[in-house]
Every structure is written in C-alpha cells, then in structure tokens.
Amino acid sequence: MVWVETTAHIIQDPATAHLKVLFFIRNIDKEKRHELILQYQSQRDSLTGLLNKGSTEAQIQSVLESHPQALHALLILDIDEFKHVNDTFGHLYGDQVLARIARQIREVFRADDVLGRIGGDEFAIFMKNCRTEQIVKEKAEQLSQAVAALFSGSISCSIGVSFYSKDGTYFYKLYQNADIALYQSKRQRKNQVQFYLPSMKQESWKVNNTKIDDQPDTAPDVSIIPELEEHLTSQLLEELNDVIYVSDPNTYELLFINRTIKEDLNIIDDYIGKKCYAVLQGRDSPCPFCTNSKLKFNEYYVWEHTNELMNRDFIVKDKLIQWQGRTARMEFAMDIAEHNHLSKELSLQLERGNALLSSVRRIVVAQSMTEAIKLCLADIGHYYKAERTLLSFTGESHSLHEWPGPSLSGLAETWTALTATLFGPDCAYFHTHSDFVLLDMDLMKSQNAELARSFMRLGLHSLLAVPLLCQDQILGCCVIINSTAQGQDLSFAQSLATFLVSELMKYQAVEKLRFMSYRDPLTGLYNRNQYVQLLENWQQNPPAQAGVAVFDVNGLKELNELYGHHYGDQVLVEVARILKLQACTDQLFRLGGDEFIAVYEKITHADFQQSLARLKKAFTLILNGVSLGGSWSEDEADINSLLSHANQLMIIAKQNYYKTTETVTKHYHPQSLQRLKEALQENRFLVYIQPKADLKSGRILGGEALIRYLHPQLGIMPPSRFVPGLEKEHLIRMIDFFVLNEVCRIQQRRQHESKDAVVLSLNFSRITLLEDNMALEVEKILSQYDFDPGLIEIEITETVGELEKATLRSIIQSLKRLRLRISLDDFGTKYTNLSLLTVADFDVLKLDRSLIQGLADSAQNQIIVASIIQMCHQLGVSVIAEGVETEAQRAMLLQLQCRLGQGYLFGKPMPVGDFRVLFNQKK
C-alpha cells in the first residue's frame, strides 16, 4: 500500500466556459516515514541525543510493566562539581562536557538499555535483564573510569544504583533510592559508585540543619506558569514543504537541510560540514551569484533563482540568524507553481495567473506578516473590485485586518458576532465548505432578519469568504465585501490565501526558532545567547545610568535532593515569575542552573535600589530564599565590571544563608570556619605594626597594623600565605574585625597610659567593605573601647575603584560618620583612577611601592609622583610613600615635597611591643 494525497481544483475554461477538474496526486510515503522520524526526535535531548526526561521515565516504566520477573538496575550519574566547570570555563564548554559524557555512556552500555539525560548534569541508565548485580557494578565502574580518563582526571562523576524489585517496583521509587545512593557517594568521596542500602534512609542527611526524615511528605506548594514548548529547531523547519537550508556564511559549510532538499537531490548520507555550493548547486567553488555579503539579521533579501540540479524556478528569501550559538545564513526557496497548485501552462491561460504571480512576489518581499496581510487584502480587493476586504484569525476577536483604511465605522465592533452567526464558533462552517457566497440580501432577510439589518446598516449587499486552512485546521477566514468582478469564482482568493498561510507558517517557524535561540525553555527568560548579544551592544553603545543585578537561588541542589528535580524546576519558574513582576525591566536572563541576571538601562540609582528592595521582599516567599547583589553606574557602564561587582555582592549576601546550613559549597566551607575560630581562640593570629615616619627627621608618627599567622611548625607566616584562601572562602571579615579589635585595644591602652597619640591604620578587604552591616559591626566594636576614633585610619585599597561610585561613596561616608580616618591605599597600581578622589573626602593617599622603586632613576616616575603630590596638596589630602627602602628614594621624595614614608628604611613589620620601644626612641 502506498500513501497518496489527492487534491482537486475546479476551474472554468475561459474559451468554452466549461467547468473542468484538475487533479493532483502526490506520493506522501516519505512524509509519513518522516513523521515517524520527527516523533523519534521529539523524544530526544537536543544536546546529547539521549532520551529526554519524559521519554526516559516512560520507557523505563514500560519495561518494568512488561518484564516484571527480571532483574533490572537504574543508575543515576551526576557530574562532580559541574557548576564549577561552568563557572570556570563557561557554559559552552560545559555543553561539550555533557555531549562527550553522553557519547561515553553509549559506548559502555548496550543498545537496548534505556539511556537518558534527565537534568542539567544528571543522566539515567536503565540496564534491562541484568544477570547479576556484579555485572552492574562492573559496568558502572567502567563508565566512571572512562569519564575520568576522558578528561585526564579533571572531571569525574558519581553514580548511585538501585535495583528492581528489591529497591522499588516503579520508576519514581527506583529513582528516589538511586538518587539517595548517588548523594551518599558524593558525601563520602566523589568519583564513586554506590549501591542503595535501606540503612541510608536512617542517616542524618541534613539541609538547613533539618534531617530529611523531618521534612514534610509533600513538597511545599509553588505557583507554576505553563512550561514552554521544547521542539527541536530541525523539527520546526522540517514541517515546511519549501526548500530550506542553513549554512555558515564564512565557510559555506552546511548546517541543516530539510527533507524537501533531501528528497529532490536524493541525499541519504551525512551532509553536515559539506559545502553548500557543492551539495545544492553542483559547483566546485562558491557561486558567483552568492548573496552572503548582502544579508542582514533583521530583514530578508529577496531574489529569483533557477536551480539547475533541481530544474526548478524559485523565489528566494535569505537572512542571517543565530543557529546553535553561531551566525548562519537561512534560505527559504519557494516554487511558485507548487504554491499555486497549478501547472505553468495552465497559469498562463488564465487571467489570474499573472495577477497571482505578481501578488505572490509582493507578499514574499514583505518585511513582516502584517505587511504581507495588508498586501494580500489589497490585491484581492483590486482583483474582485471590492469595496472592502477583511481578514481575521480564530481566537483573535480583537484582531481584524482591513483594506482599505480607515476602518468601516461599526464593523470592528460587530465583526465577532457576524462571523459567529455566519460561520459558527471558530469558523466551523469551513470544515464542510470550501467557501461562502452571499449575494441575495432578500434571502438573508427571510433567514436572519437581524443579521440582514446589520449588513444593511453597514452598507453590505454581498459577501464572499474563503477559509485560511493549514493541515485541515481552520486558522481564520478572508472576506470580500461588495465585489463587482469575477462573480463567484474564488479560486484567486483561495490560491492567495493558501500562499499567505504558507508564509505565515514560515514566519511562525522563524519566530519560534528565534525564541528558542534566545529564550530559556523552562522559565521563558532570555538565555546566554541573548546575553552575549547584549554584551556586544553595550560595547558599541554603553548606556549611561545603568545597573546589573545578580540572583542565585539558595540551596537549589539540596532542594533537588530532598524533593526531586521537578520541585527544583518549580522553584526556578517561581523565581522567574517574581522577576517578571517586580524587576521593572524586560532584560531578564537565566544564565545557568540557579543563576539569574537583571539588566537595567536609563535608571536612576534611587529607582535601581527600590527595585532591588522590592525583589528582596518578594524572594522571602521562596524556600531557602534568593541571594542577590546589584551594581549601578552613572557613567558609560562596563557591563562586565558591573556584573563582577554585583556577583561579589551576591556572594557576600549568600553568607547569611550559609550560616544556617552545614552544606559545603564553592563559597562556603563550615570546616574552614571552625578551624579559623579555633586559631583565633588559640591566639595563633598576631598583629604586627610597620612604622610610618617623617621623611625629613625620621621621627615615627604612626604605623600600619598587619596580620601574621603563627604556624605550629613553620613559625610566623606572612598574609600572602593565608589571606587569599580566606578571601576565596569569604572568611576574611573575621580577620579584618580581629585586627580592628586589637588596634582599638592598643589605642585605648595608650590613651589610658597618657602616651603620645599615634595614628594606626589597618586594611579592610573589599569583601568586608561590601557587607551590608559592615559599618554597624565597626560601630559595635568601637563602642566597646574608650579612645578617640580619629586615631584609627581605615586603608581602602585602590582596587575599590572597580566599584560603582555610589556604593564607594556610601561605604566611605558610613565610616567617616564614625569619625574614622580614611586612606586610599596602593595608589598608582593598574586600577589607578583619579576620579576616585572626587568620590569622597579621603584623609590620606598612599603611593604604591611600584612608583617608588625606580623613583631615583626614572624621570618619568618623578613627574608622575610630583603631579600626584601637588594635586593632593591642593585637595588637602596627606601623601605617604610606601616601600621606601633607600636613602636615594627618601631624598627624591623630599625633593618632590612628600613628607611621610613607610618602608624597610624605617622598620619592618614588628610585634606590638617592639613598635612601642621604637616609637619611644624616635617619637
């Protein structure tokens, strides 16, 4: 049996006036087979080619029901530290990792095993009809070792295993137990295979200090918006009957061709990467008529072409698109004869042939569907010499397209009622009729007097209508009012309506392709592709007064472990819903699993802060909450700098969540915190002081408090050995406030002993400065002591110049209100920005040692340093030189009118007792 499609067209011979029927019979066997292919593709994950989550579950459950007596095993694989991989190397590299691991899974397991990707970095392998558990263990270990070898040990995976039927008799129970085994493996040691054991349920598996056994039986209710469709790009384009292909405009390599090309050119082997001019045109070099140089993203380039290989004439529409993260050329080629459903010979004999060809060309050139509809209605109106033509789509009661404008008074208001009366709900009339003809108004009066009065009131005395059909679905109808030509022959309108629907389907396919290219399928927010495009736009036209906010869902991995990935997805959807309602910007992005970004343009600092405040309040509804950080700039904004700053603030804010959990994460390690507390209690952190001196007299005027660590075996260790690690784990605040306490204790003792006043400075990490409650914590410490706060100087490293000015100004002002002195440290490094001096009132500026090292021999350095010193004198800011080690440097600084210095020439960092002795000797 062969499947065929039969189409019949009734036409009138212009010479004899006889009616004739033109039949088209088309073999659709290949299309039917292609439908099966599409069904197969719809079950697959687009990145890895494995089964998607829904298909995996369905196939596993089917096996369990059909083979209830056999031994089956479910393996859940999770990539260790995959979030770190994405953060470090980018999500494109992460995608490559996922694809390579999927290929490895195929190589290790049998072809009839169920292999699927069920989450971001989570895979499911269902081994059917296993002879023994030992075989499962060997296969799992083989896969684990193969993954590690694939990436030379830099990436590993953990695997949890459950068995049917002892660990569960249906999919979700097997999955739950395999998942428990998986995370047992991760807690013990990564890159392990763990079988599920019933005793694992009894262990203290904690999230937020709550045992899993204490959690509710059902997940908390979360509002869900409908999930977006997840069709593959190829499926969308395969559904169209025109010639369609996608290629790289630079290399001419084919990226996609649809079934029409494959059938016409009998392409059965792999075409990906082959040259388009070779496959589609039969040429050895790029086509001389190639239009690549003329293509744009936002509009089609339309031209005509005869393809000699296909022996067909086409109207061609080309444009640039984003295809799988790269710029590509997409081409639609339309055979006009096929769209007309008439042969060329017959078209030439009929009056409508040329009119139809002209209309088709005009519609193809249209830059939007609205314009195409307008042109179609105009051409139908002219052809039938009608007073008015209308087009409406079912389900769009408020969307009525009319020609000519302006709208006929009262028509739009009564159109819905008219169409419902004439054609029934959703144009049901056209399911059994190919057209609608109303020429006798007197007949209408006898059938429906009210409708006839409506027509007469609107000046309608005749009405012709044809449906807009797509695969037996009624999309709407086109109506011709008061026509005076062509009688009841609606073949022109039907043909043009058919072509318009074809264009509409292509337009919707391209729009869906664009949506899929730039949208996250789960939340509907923009994805990384759109974010990259935003970066490019900002580089060319950086906006003024812009802000960036970064959001990270707290404990999403733990929520997935407790309630399952479906619940985790619901949380992400709810976060996206809150962002859409409260963020007051349409530039919302989901870049990773639990990471969101909001970008604001042309917004004041006050409005930006208000938006963040609203979001903080709204996110309290989310279980575990959402950590956020925001950065704003009033100048031409660098989005990368804003993002970096906002991300740092988000991580700092996340510390509040970490205080309530024992979970080890990239930014929080409870064990490290405990070790730091023990070291502080055991007095293993020491404060040293390096003198600051008058360059002319050598008299000691003050000092800088520096931290040292007393190692049990290695002795005194400098900050370079331990501070970076504390900053990375966001524990440096404890050291900063410890040093502040020690300096306060020193100053209070000197004041009580009536010693000479001396200003002591100390450094605050940028991480500490950015804490919301930093100033309150400082004030709390100062309140415990009795001395003049003006004797303490907070040194702010010049790298804070990367921060937004409003934030920096707020930080400095909060410290100045406590009567503390503020010093700008390391001035002259790669971050130097003179505008920093306009942000707030600095008391001191410290010249970085890099400017001092070659000062005696470098005229260039001398000019720079002299200019800085002179500028500071005019601003009323004191200047101190760091790293003064030689008499030559000291002499040159004095010559340049610098009064203060710090460096080995006056003393190395020393214990507090030694500093007291030196100060008393050289005060």
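This report describes the fold, sheets, cores and backbone exceptions of a predicted model.

## Basis and overall composition

Local features need pLDDT of at least 70 and side-chain atom pairs count only at pLDDT 80 or more, while totals for chains, interfaces and linings use all residues. Residues are numbered from 1 along each chain as its sequence is written, and side-chain values use heavy atoms, with hydrogens and water left out.

The protein has 32 helices and 33 strands; these are DSSP runs numbered from the N terminus, with helices being H or I of at least four residues and strands E of at least two. Of its 923 residues, 52% are buried, where buried means under 20% relative accessible area, exposed over 50%, and partly exposed in between (1.4 Å probe, protein chains only). Among contacts with a separation of 6 or more, 64% link residues 24 or more positions apart; a contact means heavy atoms within 4.5 Å.

## The mixed sheet and its helices

An open sheet of five strands runs in the order β4-β5-β3-β6-β7 with mixed pairing (two strands pair if DSSP finds at least two bridges between them). At its edges, β4 (114-117) and β7 (193-195) each pair on one side only. The twist averages 15° from one strand to the next; axes are lines fitted to C-alpha atoms, for helices over the stretch in contact, and angles run from 0 to 180 degrees between N-to-C directions. Strands β3 (residues 72-79) and β5 (residues 122-127) are antiparallel over six bridges, and Ala73 has Met127 in β5 as its bridge partner.

Helix α2 (residues 53-66) packs on this sheet, touching β3, β4, β5 and β6 (157-164), with its direction at about 155° to that of β4. The buried residues of α2 are Ser55, Thr56, Glu57, Ile60, Val63 and Leu64, and they pack against β3, β4, β5, β6 and α6 (171-188). Helix α5 (residues 133-150) lies across β3, β5, β6 and β7, at about 165° to β6.

## The antiparallel sheet

Another open sheet of five strands has the order β11-β10-β14-β13-β12 and antiparallel pairing. Strands β11 (254-257) and β12 (301-307) have a single partner each, so one side of each lacks a neighbour in the sheet. The average twist from one strand to the next is 25°. Five bridges join β10 (residues 243-247) and β14 (residues 326-334) in the antiparallel sense, with Val243 opposite Ala333 in β14.

## Nonpolar cores

A nonpolar core is a set of buried Ala, Val, Leu, Ile, Met, Phe, Trp, Tyr and Cys residues joined through side-chain atoms within 4.5 Å. The largest has 82 residues, of which Phe685, Val778 and Ile792 touch the most other members. Helix α25 (residues 732-752) gives the largest share of this core, nine residues. Beyond its neighbours within four places in sequence, Phe685 has contacts that include Leu676, Ile707, Phe722 and Phe738. A second, separate core of 68 residues includes Phe332, Met334, Cys376 and Leu496.

## Backbone exceptions

Most residues other than glycine have a negative phi, and most peptide bonds are trans. The bond joining Tyr164 and Ser165 is cis, with omega about 15°, and Ser165 is in the loop between β6 and α6. The bond from Trp403 to Pro404 is also cis, with omega near -10°; Pro404 is in the loop between β16 (400-403) and α14 (411-423).

Lys602 has a positive phi of about 55° and is exposed, at 76% relative accessible area. Its place is the loop between β22 (595-600) and α21 (605-618). Asn683 has a positive phi near 60° and is in the loop between α23 (670-681) and β24 (685-694). Asn683 counts as exposed at 56% relative accessibility.
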